[in-house]
Amino acid sequence: MKLEKEIPTWAYINFQLLYQINKAKDNGELSELTVSDLINNTSEHIGSNIPLESFYSPVNSGSVFSFLYSLLVVPKELFKKENYDLFKEFEFKIEDYFEIIKGRNLITQNFKIFRLLRNSISHVNYEIDTNDKFTVTLWNTNNGSIDFKLKSDIHRLSNFAVEIAKFYIANNNKE
């Protein structure tokens, strides 16, 4: 099975887990519950009897890609315009997060990578390696051919997503 096919299920499980945390907080039970309790409640709520051992992802790739979708795709759709100028101030070294396989010339400025990553995430142009299950490849197509391709691992990709989230939070606090 292709690992990216697990992403919608993992995303659903993640959101149900967050629902259980919120429900416990609203009921004043959060301090009494363990992570195991929350997972059991989530499993009961889903009602699908999916054993978590049957999922191949060594880490929860569903949350990483859902997180990236919410950080890169949703804002562009909501703001109705390309708003990547915000990322001009986002300082990072691409080599800390990605290996550029193709298209280095397309990302001469850091903020251009966000448009390409947004396209990759929104068009599901990514793949999780079936053998090591940690390696992720993301790409962009232009006129039917791949013009941009990155490789990362799920941990570095999640760290990148966290840095984007921190950047958003810091910029929202400036306003």
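Which residue follows α5, and is its phi positive or negative? In this predicted model, α5 is followed by Val124, whose phi is positive, near 55°.

The buried set consists of Ile113, Phe114, Leu116, Leu117, Arg118, Asn119, Ser120 and Ile121. One of these residues, Phe114, also belongs to a cluster joined by ring pairs, together with Phe92, Tyr97, Phe98 and Phe160.

Aromatic pairs number 7 in the structure. Among them is the pair of Phe98 and Phe160, which is edge-to-face, with 5.0 Å from centre to centre and 80° between the planes. This pair links distant parts of the chain, 62 residues apart: Phe98 lies in the loop between α4 (94-97) and β1 (99-102), whereas Phe160 lies in helix α6 (residues 154-174). Both Phe98 and Phe160 are buried.

Strand β3 (residues 135-142) contains Leu138. The relative accessible area of Leu138 is 1%, under the 20% limit, so this residue counts as buried. Leu138 and Phe98 are separated by 40 residues in sequence and by 9.8 Å in space, C-alpha to C-alpha. When neighbours within four places in sequence are left aside, Phe98 is among the residues in contact with Leu138. The contacts of Leu138 also include Leu117, Ser120 and Ile121, which are buried residues of α5.

Terms used. Residues are numbered from 1 along each chain as its sequence is written. This is a predicted model: local features need pLDDT of at least 70, side-chain atom pairs count only at pLDDT 80 or more; totals for chains, interfaces and linings use all residues. Side-chain values use heavy atoms; hydrogens and water are left out. Buried means under 20% relative accessible area, exposed over 50%, partly exposed in between (1.4 Å probe, protein chains only). Helices (H or I, at least four residues) and strands (E, at least two) are DSSP runs, numbered from the N terminus. Rings of Phe, Tyr and Trp (its six-membered ring) pair if their centres lie within 6.5 Å; planes under 30 degrees apart count as stacked, over 60 as edge-to-face and the rest as tilted. Contact means heavy atoms within 4.5 Å.
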